[in-house]
Structure formats: structure tokens, C-alpha cells
Amino acid sequence: MNTYLRQALPACLLAVAALGAGLAQAAAASPATTGSSALPTDSIYQLPLTFTDQDGRDFSLAEHRGKPVLVSMFYTSCQFVCPMLIDAIRSNEAELSAPDRAQLSVVLVSFDPVHDSVTVLKRTAGERHLDAAHWSLARTDTKSVRKLAALLGVQYRQLPNGDFNHSTVIALIDREGRIAAKTVKLGDVDTEFVKQMKNVAGQGPAQ
């Protein structure tokens, strides 16, 4: 872990704790619902964040309720780590059966909403041959970027040259919006993470 990440870790943990407390308070005050039942108090879908995908469609993460989803963070001008992150997601999901893979969605949220416009996201999806029916490259406001990063445990900082120093986390979100597993492994398949993906995919639709 580099010096920045060591220094950022305490602040990140405090942010996660604060957001977790906020989710619990929000759920207790007014339980969020999607469909016919209330969300669990530890569901990230309790946090009302709005994103815009590469096709210009506004959406919330809660729209994925009832299906497993992989969520991570990136930025399009990243030349090394982010392409590896996309490849890692592809490698892990390739280990699933076709029916399980068909259930799974992928959401990648940009650290860099200033530069990652809908047009840029669309171009990147095309260059990487990412199926829009399966992959959402998304942007949101800076405040929401911070909130999502804290919930996922992603540490990041923008550098003077405009690049981002960031950790890599791929989070598996279950059908009710709970974080079921995480991996930071790039380059090779994470067999334990794949096992958790299969478990979540095999649980069936949320009731």
C-alpha cells in the first residue's frame, strides 16, 4: 500500500462508518421499498444516488434489485489499472455458467465526472466492446462519487496532472443490495470471489 493509501485509510473508515450509520437511520425513519418489500438496513440501495450511463439514461443502483450486480470504480483516461480492472471482471464472470452470467450486471462508476461525459463513456464502451445490455459505464456528481467510494471501500485522490491515484475494488452486490463479497485481485481469476458469485447467482430472485 502506498503512502497516500495508508494516510487515507483512517478517513475512509470514518466515512464508511458515518455512511453506515446514515443508512441505518434512514431505514429506521422511513424504510425504503422497491417493489413490495422493504430493503434490508445494510443494503446500499438505501442510499439514493443517481447515475447516468453511456446511453444518457439516468438510473439508480436500486433498479438492479432482484439480480446480482458487480460494482466498481474507474476513469476512462486511466491507462493501466482500469483496463486491468475491466479484464478482471470479464475473467471472473467468464467462470460462471451461461444462465448465471445472463443474470449478472456490471456497473462501473467514474471518479472523473468533469471529463467523463456521456459521450466519452459511450466511446470507451465501444472501444472495449462492452455490451450496453450488460455493462453500464456511469457518471454522477462529485459528492455522490465520494459516497459510493466510501461504501465500497475504494480509496482515491486526484493528482495535480488530473490522473487519479486509486485502489481497485470489485464488489459483488446481492439481490437485496448487500455487499456479498469483494476482490482486489487483478490479472488472475479470484476463485473465492467466483464461488461467491455463483452462490449469489444461484439464490434465485428476491421475493
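**Close-up views of a predicted model**

**View 1. Asp-55 and Lys-122 meet in a salt bridge.** The side chains of Asp-55 and Lys-122 come together here, with 2.5 Å from N to O. A salt bridge is a side-chain nitrogen of Lys or Arg within 4 Å of a carboxyl oxygen of Asp or Glu. This pair links distant parts of the chain: Asp-55 sits in the loop between β3 (51-52) and β4 (58-59), Lys-122 sits in helix α4, and 67 residues separate them. Helices (H or I, at least four residues) and strands (E, at least two) are DSSP runs, numbered from the N terminus. Buried means under 20% relative accessible area, exposed means over 50%, and partly exposed is in between (1.4 Å probe, protein chains only).

A word on the model: it is predicted, so local features need pLDDT of at least 70 and side-chain atom pairs count only at pLDDT 80 or more, while totals for chains, interfaces and linings use all residues. Residues are numbered from 1 along each chain as its sequence is written, and side-chain values use heavy atoms, with hydrogens and water left out.

**View 2. Asp-53, Arg-57 and Glu-63 are linked in a network of salt bridges.** Within this group, Glu-63 pairs with Arg-57, and their closest N and O atoms are 3.0 Å apart. Glu-63 is partly exposed at 47% relative accessibility, and Arg-57 is partly exposed at 40%. Side chains of opposite charge can pair when their charged atoms come close.

View 3. Glu-127 is exposed, with a relative accessible area of 54%, whereas Arg-123 is partly exposed at 46%. The count for the structure comes to seven salt bridges.

**View 4. Five strands make an open sheet.** Their order is β7-β6-β5-β10-β11, with mixed pairing. Two strands pair if DSSP finds at least two bridges between them. Which strands form the edges? They are β7 and β11 (179-183), each pairing on one side only. From one strand to the next, the twist averages 20 degrees. Four bridges join β6 to β7, which run parallel, and the bridge partner of Val-106 in β7 is Trp-135.

View 5. Axes are lines fitted to C-alpha atoms, for helices over the stretch in contact, and angles run from 0 to 180 degrees between N-to-C directions.

**View 6. Leu-70 and Met-73 have the most contacts inside the largest nonpolar core.** This core has 51 residues. A nonpolar core is a set of buried Ala, Val, Leu, Ile, Met, Phe, Trp, Tyr and Cys residues joined through side-chain atoms within 4.5 Å. Leaving aside neighbours within four places in sequence, Met-73 is in contact with residues including Leu-85, Val-109, Phe-111 and Leu-148. Contact means heavy atoms within 4.5 Å.
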